[in-house]
Amino acid sequence: MFSSSKIKSVDFYRKIPRDLTEASLSGAGLSIIAALAMMFLFGMELNDYLTVSTTTSIVVDNSSDGDFLRIDFNISFPALSCEFASVDVSDVLGTNRLNITKTIRKFSIDPDLRPTGAEFRSGPLPHYIKHGDEVDEETNEGSVALNSASFDKLSHQYQILVVNFYAPWCYWSTRLKPSWEKAAKIIKQRYDPEVDGRILLAKVDCTEEVDLCRRNHIQGYPSIRIFRKGSDVRETHGHHEHESYYGDRDTDTLVKTMEDLVDSIPQEDQKIALEDKSNVTKRPAPLSGGCRIEGYVRVKKVPGNLIISARSGSHSFDASKMNMSHVISHLSFGKTVSPQVLNDVKRLIPYLGRSHDKLNGRSFINHRDLDANVTIEHYLQVVKTEVVTTKSSHDHRIIEEYEYTAHSSLAQSVYIPVAKFHFELSPMQVLVTEDSKSFSHFLTNVCAIIGGVFTVAGILDSIFHNTIRLMKKVEIGKNY
């Protein structure tokens, strides 16, 4: 058994009797200063322990979202009709996807970007449109040539007015002309406009009647529009809402289509055309000349292009009249990050999220009206940022987002103007890792603060006290 005297021999903190100690004013002052220093340093250490610190590094991209990247966008084109607006994707590996529709929605808008109706549904279109084999012979034309005045008059006079908006220089307009004139003659013979009054086939030369074609939002040639009398008269400008025909363009098909339209209307003169129940390849034409395109596409993680343009396999476009001005409401890469999650992460990393939607709210307008064939290009360099925190020795991914830089320009081209977004993804990614702090490290630092301040204060007190004693001895020696 150990005696109490032996146990006391290992006491590191031996006590000095209180009557052998001496209090001093300097010691009291140093004690107060030491206590305040301990409290201040403890507060600093506690704040550092509670503050989340991160380490930023650059590593090779090891994305968990696979080989494809999602691009979300909402872009408004004041002068591009939804009728021909096409979203295309291409890349350096040879991918070339044209007129993507599955994940895209279109809405007709006016020049002030206000919607003019419900969603514009393009519907399935035939990959090949049949044309007639007729030769453009010098025969009497069957369709009626219209101008602005005659168009307004005849659209109110006939139950159905079918108009071919064309351009003489257009290849497809030239191919349609013989079949259209022959079909117009046949329909005129079967349904005399002066007696029957239910249908009339007409045509408009858009190179001469520019305002009339603009009023009806004609952007591709030829465009066959079906106007109905009465119930569909628009209050704005007084012209009709109408439908577009997208079927075959040979004489037999055109005649059959017109007969189906006539069959839905009684021969008696009526003020309002009845609802069309014919099986005709047509759909509502856009109510205005602008289009808002929204949705998303999935692209490979290689340099590529997102292109929005006017496209049709059976229409021609006048490049000098195409205006690809647009307003970007939203453009981002990767999965959508909720605002709440992004705000929470910004508390850790304030600079995060500043460039994930860099082009949002930007307008790109072609004010140079005298310049034709102007393509608007955006060059985007995309970098992935990943934030990882450590919980219970396991990595926990907080957020994955893609940020990008953007450089835009307007350039003239010999081709049809487009809005092009060229994107290039970096093979590297920014990895932000939370630095973990152990509680034992915090306790060690607190002990070091207390012991260090106490020791330093004791040393200073000893030096100060011995200095005063020495000065007193010297003074006493001088007196004797």
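Ile32 counts as exposed, because its relative accessibility is 53% and exposed residues are those over 50%. In this predicted model, Ile32 lies in helix α2, which covers residues 25-50, and together with Leu36 and Met39 it forms a nonpolar patch on the surface. The briefing below moves from that patch to the cysteines, then to the nonpolar core and the chain as a whole.

**Surface patch on the chain**

- The patch made by Ile32, Leu36 and Met39 has about 350 Å² of accessible area when the three residues are taken together.
- For the whole chain, the exposed surface comes to about 27,700 Å², and carbon and sulfur atoms supply 55% of that area.

**Disulfide of Cys82 and Cys291**

- Two disulfides are found when the whole structure is searched, and one of them joins Cys82 to Cys291, with the sulfur atoms 2.1 Å apart.
- This pair links distant parts of the chain, since Cys82 sits in the loop between β2 (68-77) and β3 (85-91), whereas Cys291 belongs to strand β14 (residues 290-300), and the two cysteines are 209 residues apart.
- The link of Cys82 and Cys291 is right-handed, with 100 degrees about the S-S bond.
- Cys82 is buried, because its relative accessible area is 0%, and Cys291 likewise counts as buried at 0% relative accessibility, the cut-off for a buried residue being under 20%.

**Disulfide of Cys206 and Cys213**

- Cys206 and Cys213 form a disulfide in which the sulfur atoms are 2.1 Å apart, and the link is left-handed, with -90 degrees about the S-S bond.
- Cys206 counts as buried because its relative accessibility is 4%, and Cys213 is buried with a relative accessible area of 3%.
- When bonded cysteines are counted along the chain, the disulfides follow the pattern 1-4, 2-3.

**Two further cysteines**

- Is Cys170 buried or exposed? Cys170 counts as buried, because its relative accessibility is 1%.
- Cys447, by contrast, counts as exposed, because its relative accessibility is 56%, and the cut-off for an exposed residue is over 50%.

**Nonpolar core**

- Which residues touch the most other members of the largest nonpolar core? Phe73 and Val297 do so, in a core that contains 39 residues.
- Strands β2, β3, β14, β15 (304-310), β17 (326-333), β19 (374-391), β20 (394-412) and β21 (419-435) each supply at least two residues of this core, and the largest share, five residues, comes from β2.
- When neighbours within four places in sequence are left aside, Phe73 is in contact with Val87, Ile104, Ile293, Glu294, Gly295, Tyr296, Val297, Leu306, His330 and Leu331, a list that includes Val297, the other residue named for touching the most core members.

**The chain as a whole**

- The chain contains eight helices and 21 strands.
- Of its 480 residues, 42% count as buried.
- Among contacts in the chain with a separation of 6 or more, 81% are accounted for by residues 24 or more positions apart.

Technical notes:
Residues are numbered from 1 along each chain as its sequence is written. This is a predicted model: local features need pLDDT of at least 70, side-chain atom pairs count only at pLDDT 80 or more; totals for chains, interfaces and linings use all residues. Side-chain values use heavy atoms; hydrogens and water are left out. Patches are made of residues with over 30% relative accessible area and no salt bridge: like charges are joined within 9 Å, nonpolar side chains (Val, Leu, Ile, Met, Phe, Trp, Tyr) within 5 Å. Accessible areas come from the Shrake-Rupley method with a 1.4 Å probe; for residues, only the protein chains shown count as cover. A salt bridge is a side-chain nitrogen of Lys or Arg within 4 Å of a carboxyl oxygen of Asp or Glu. Helices (H or I, at least four residues) and strands (E, at least two) are DSSP runs, numbered from the N terminus. Buried means under 20% relative accessible area, exposed over 50%, partly exposed in between (1.4 Å probe, protein chains only). A disulfide is a pair of cysteine sulfur atoms within 2.5 Å. A nonpolar core is a set of buried Ala, Val, Leu, Ile, Met, Phe, Trp, Tyr and Cys residues joined through side-chain atoms within 4.5 Å. Contact means heavy atoms within 4.5 Å.
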